Amino acid sequence: MCVMLASGVATSQTTQGSNDQLNVGALFADQTLNVVTADEGVTATTTAGANTFGMTVVGADAGLTSNQVNQGAVTAHGVVNVSSSMGDSSNVTTTAVGNSGTATAAYGTLSGFMVQTNSGAVTARSQIEAETAQAGDVIETSLAAGNSQGLLMVNGAMGARVSQNNQADVAADGGAIIQYVAGTAVVAGTAAGNNIDLTGASQSAARVITDQNNGAANVTATKFAAYGNSYLTTTAATASGNNLNAANDGTLLDVASHQVNTAYVRAQAEESSYQFGGAQATAYGVGNSAMASNANGPGLVLDNVQVNDGGGVEVIASFEGTSGYDAGAGATAIGNAVSGYACNQCGGAMTAANSQANNVDVSARSTVTVNAGRSVVGVATATGNNATFSVTN
């Protein structure tokens with residue numbers, strides 16, 4: 001569902017929009033491609049969403065209230081079976097979201113109150129089965145979120161309050177088995193209980209209040225990749241209980257963020273290749289994450305509160321190969337993470353208040369096993385609370 005309001009010139013009048021969505025049924029999107037040979041490549045896109053809504057304001061002022069509730073399980077499953085060749089470039093994308101919303105203000109002003117509540121399990125699973133096949137470039141991704149809200153401004157202004165509550169498991173998993181990769185292969189999975197993305201461009205301004213509560217049992221991202229012979233490969237997994245990413249280019253970014261996570265968060269990325277050029281396995285897991293930056297603009301105000309409790313954070317990254325050149329594995333696990341940035345060449349000023357509490361175990365494990373190689377790098381980092389604030393170029 002999408003609503004667009006446009007006007008040649010912004011006026012003092014404000015248009016009001018409202019959205020109420022309730023889904024109680026299960027949703028399942030399934031796709032299977034059986035391929036012998038594809039010259040140019042294979043593309044498979046599988047998407048499942050319980051409630052979706054978008055509102056755009058162009059050259060006008062508007063107000064928005066949105067309430068999205070999902071109670072049904074949401075599953076997206078995409079499988080590609082190849083016996084001979086995947087071709088030059090292939091893309092396999094699988095996405096599952098309980099509640100999804102976008103709000104856009106372009107050359108106008110939008111004030112909004114958005115509420116998202118999810119209690120249905122969300123699963124995105126994608127797999128490439130090509131154990132006897134060759135491929136050029138390959139991208140295989142799985143994305144799963146209980147609630148996701150996007151806020152976009154283009155020379156606009158926005159005042160918004162976003163409240164998200166996820167009470168169901170979220171999982172992004174799958175992987176790839178390919179005999180020979182001649183180009184670059186990226187296999188990635190991202191899972192989030194709650195996610196908010198704010199982007200402002202062309203001298204925009206925003207004041208937002210965000211409340212994110214993830215009370216699910218599990219949020220997991222798991223990716224496995226196996227190759228016989230590969231050139232450049234990356235296997236990545238990212239899992240977060242609550243995630244906020246706010247990036248503005250303009251006069252002011254004012255963010256008050258409150259995040260509570262009680263889910264067990266697990267990110268696992270494992271890759272193997274008998275012969276390899278460059279191979280990397282990376283995994284990142286965080287209970288709560290908040291990032292706010294104002295580039296090419298003078299002001300950033302950030303008030304951050306994070307509590308990570310319940311199941312803990314576990315991150316695993318591993319690579320195994322027989323012979324090749326460069327191999328690495330990196331695992332990063334964090335209970336709570338926050339960062340703030342303002343541009344000092346723009347007269348930058350930052351006001352930041354931060355409160356973080358991590359009450360659970362956090363673990364990171366990295367393993368690299370190589371018989372013969374040029375360079376081998378392993379990194380494992382576990383942090384309870386991490387805060388970074390900078391006013392730089």
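A cavity, on a 1 Å grid over the protein atoms alone, is a set of points where a 1.4 Å probe fits but cannot get out, while a pocket is an open set with protein on both sides within 12 Å along at least five of seven lines; lining residues have an atom within 4 Å of a point. Grid points are joined across faces, edges and corners, and a volume is the space filled by probe spheres set on the points.

The model you are looking at is predicted, and local features need pLDDT of at least 70, side-chain atom pairs count only at pLDDT 80 or more, and totals for chains, interfaces and linings use all residues. Residues are numbered from 1 along each chain as its sequence is written, and side-chain values use heavy atoms, with hydrogens and water left out.

**Spaces inside the model**

Which residues line the largest cavity? They are Phe 53, Leu 64, Ser 66, Gln 68, Gly 101, Thr 102, Met 114 and Gln 149. Strand β5 (61-70) supplies the largest share of this lining, three residues, and β5 and β7 each supply at least two. Strands here are DSSP runs (E, at least two residues), numbered from the N terminus. By class, the cavity lining divides into three nonpolar, five polar and no charged residues. In this sorting, Ala, Val, Leu, Ile, Met, Phe, Trp, Tyr, Cys and Pro count as nonpolar, Asp, Glu, Lys and Arg as charged, and the others, Gly among them, as polar.

Now for the open kind of space. The largest pocket holds about 260 Å³. Its lining has 22 residues, and the closest to the pocket centre are Leu 143, Ala 145, Thr 190, Ala 192 and Asn 195. At least two lining residues come from each of β4, β7, β10, β12 (170-201), β14 (218-248) and β16 (264-294). Ten of the pocket's lining residues are nonpolar, twelve are polar and none is charged.

**Strands side by side**

Because 13 of its 18 residues are buried, β7 is largely enclosed by the rest of the structure. Buried means under 20% relative accessible area, exposed over 50%, and partly exposed in between (1.4 Å probe, protein chains only).

The table below lists strand pairs; two strands pair if DSSP finds at least two bridges between them.

| Strand pair | Sense and bridges |
|---|---|
| β4 (residues 43-58) and β7 | parallel, 15 bridges |
| β7 and β10 (residues 137-154) | parallel, 17 bridges |
| β16 and β18 (residues 313-343) | parallel, 27 bridges |
| β18 and β20 (residues 362-372) | parallel, ten bridges |
| β18 and β21 (residues 375-392) | parallel, 17 bridges |

You can pick out single residues in these pairs. Thr 47 stands opposite Thr 95 in β7, and Ala 96 stands opposite Ala 144 in β10. Ala 317 faces Ser 366 in β20, and Gly 340 is partnered by Phe 389 in β21.

**A buried glutamine**

Is Gln 164 buried or exposed? With 2% relative accessibility, Gln 164 counts as buried. Gln 164 is found in strand β11 (residues 157-166). Leaving aside neighbours within four places in sequence, its contacts (heavy atoms within 4.5 Å) include Gln 116, Asn 147, Asn 194 and Gln 212.

**Charged pairs**

Side chains of opposite charge can pair when their charged atoms come close. A salt bridge is a side-chain nitrogen of Lys or Arg within 4 Å of a carboxyl oxygen of Asp or Glu. How many salt bridges are found in the whole structure? The search finds six.

One of them joins Arg 125 and Asp 173, whose closest N and O atoms are 2.9 Å apart. This pair links distant parts of the chain, with Arg 125 in strand β9 (residues 122-135) and Asp 173 in strand β12, 48 residues apart. At 33% relative accessibility, Arg 125 counts as partly exposed, whereas Asp 173, at 18%, counts as buried.

Lys 223 and Glu 140 also meet in a salt bridge (2.6 Å, N to O). Lys 223 lies in strand β14 and Glu 140 in strand β10, so this pair ties together parts that are 83 residues apart in sequence. Both Lys 223 and Glu 140 are buried.

Technical notes. Helix = DSSP H or I, 4+ residues; strand = E, 2+ residues; numbered from the N terminus.
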